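Hi,

Here is the structure I promised to pass on.

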Amino acid sequence: MSISRSIKMGLRPLIIPILRILKYYSLQTYYVEGDGGSLYSHETARLSNTVFNIESGNIFIGENTIFGYNSMVLTGTHQYKAAKRLSVHMAEKKEKVNLGSEVPRSGQDIKIGKNCWIASGVIIIGKVQIGDSVIIASGSVVSKDIPSNTIAGGVPAKPIRANL
């Protein structure tokens, strides 16, 4: 047996537990941005590498809901007037600009039911409600309510099959 192989074999008992810990944390890492609302997640929900924007409302996640990698749940939105962000429109009109009024602080709540599967790369834009036992296909953009027991997908997401 070569020296390098014996070193690798000797380090294996140390490396494997470290890799298991890193795998666990990579599956449980999620990011919360904003201070306008709160994230309410059931303890059995799995939020794998998901971004939650709570700037404009609360996010509620039911039990046993699973998120795929790189999903986004966004309550944040901007106010528009004359096809321009409110602050730009007001600045052009020489009106006093209040940046706090551009982003609403509430009213864009997102509710996700129990036993849902939100696949990888899904974007959920508030204000929406996703029922229980819903599957959202990868890469979908959810901007309207999805009823319970439904598979939905697409841009924008629409029911593909109901009454599962």
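A definition before anything else: I call a residue buried under 20% relative accessible area, exposed over 50%, and partly exposed in between (1.4 Å probe, protein chains only). Keep in mind that this is a predicted model, where local features need pLDDT of at least 70, side-chain atom pairs count only at pLDDT 80 or more, and totals for chains, interfaces and linings use all residues. Residues are numbered from 1 along each chain as its sequence is written, and side-chain values use heavy atoms, with hydrogens and water left out.

Now the overall picture. The protein chain has 2 helices and 17 strands; helices (H or I, at least four residues) and strands (E, at least two) are DSSP runs numbered from the N terminus. Of its 164 residues, 30% count as buried. If you take contacts (heavy atoms within 4.5 Å) between residues at least 6 apart in sequence, 24% join residues at least 24 apart.

Next, the sheet. Four strands form an open sheet in the order E2-E5-E10-E13, with parallel pairing; two strands pair if DSSP finds at least two bridges between them. E2 (39-41) and E13 are the edge strands, each pairing on one side only. On average, neighbouring strands here are turned by 5° against each other, direction ignored (axes are lines fitted to C-alpha atoms, for helices over the stretch in contact, and angles run from 0 to 180 degrees between N-to-C directions). Inside the sheet, E5 and E10 are joined by 3 bridges, and isoleucine 61 stands opposite isoleucine 112 in E10.

Ile112 comes up again in the largest nonpolar core, which has 22 residues: Ile112, Ile124 and Val142 touch the most other members. Such a core is a set of buried Ala, Val, Leu, Ile, Met, Phe, Trp, Tyr and Cys residues joined through side-chain atoms within 4.5 Å. The elements giving two or more residues to it are E5 (59-61), E10 (110-112) and E13 (128-130). Leaving aside neighbours within four places in sequence, valine 142 has contacts that include Ile124, Val128, Ile130 and Ile136.

Ile136 leads on to another set of strands. E14 (residues 135-136) runs parallel to E16 (residues 150-153), with 2 bridges between them, and isoleucine 136 stands opposite alanine 152. E16 also pairs with E17 (residues 158-162), this time antiparallel over 4 bridges, and there alanine 152 stands opposite proline 159. The hairpin of E16 and E17 has 4 residues between the strands, and glycine 154 takes a positive phi near 105° in it.

Threonine 150, also in E16, deserves a look. Why is it listed as buried? Because its relative accessibility is 1%. Its side chain makes polar contacts (N or O pairs within 3.5 Å; within protein, one atom must be able to donate a hydrogen and the other to accept it, and residues adjacent in sequence count only if both atoms are side-chain atoms). One is to the backbone oxygen of proline 147 at 3.0 Å, and another is to the backbone oxygen of serine 148, also at 3.0 Å. Beyond four places in sequence, threonine 150 touches residues including Ser133, Ile135, Pro159 and Leu164.

Last, asparagine 53 in E4 (residues 50-53). Asparagine 53 counts as buried because its relative accessibility is 18%. Its side chain reaches the backbone nitrogen of glutamate 55 at 2.8 Å.

Cheers
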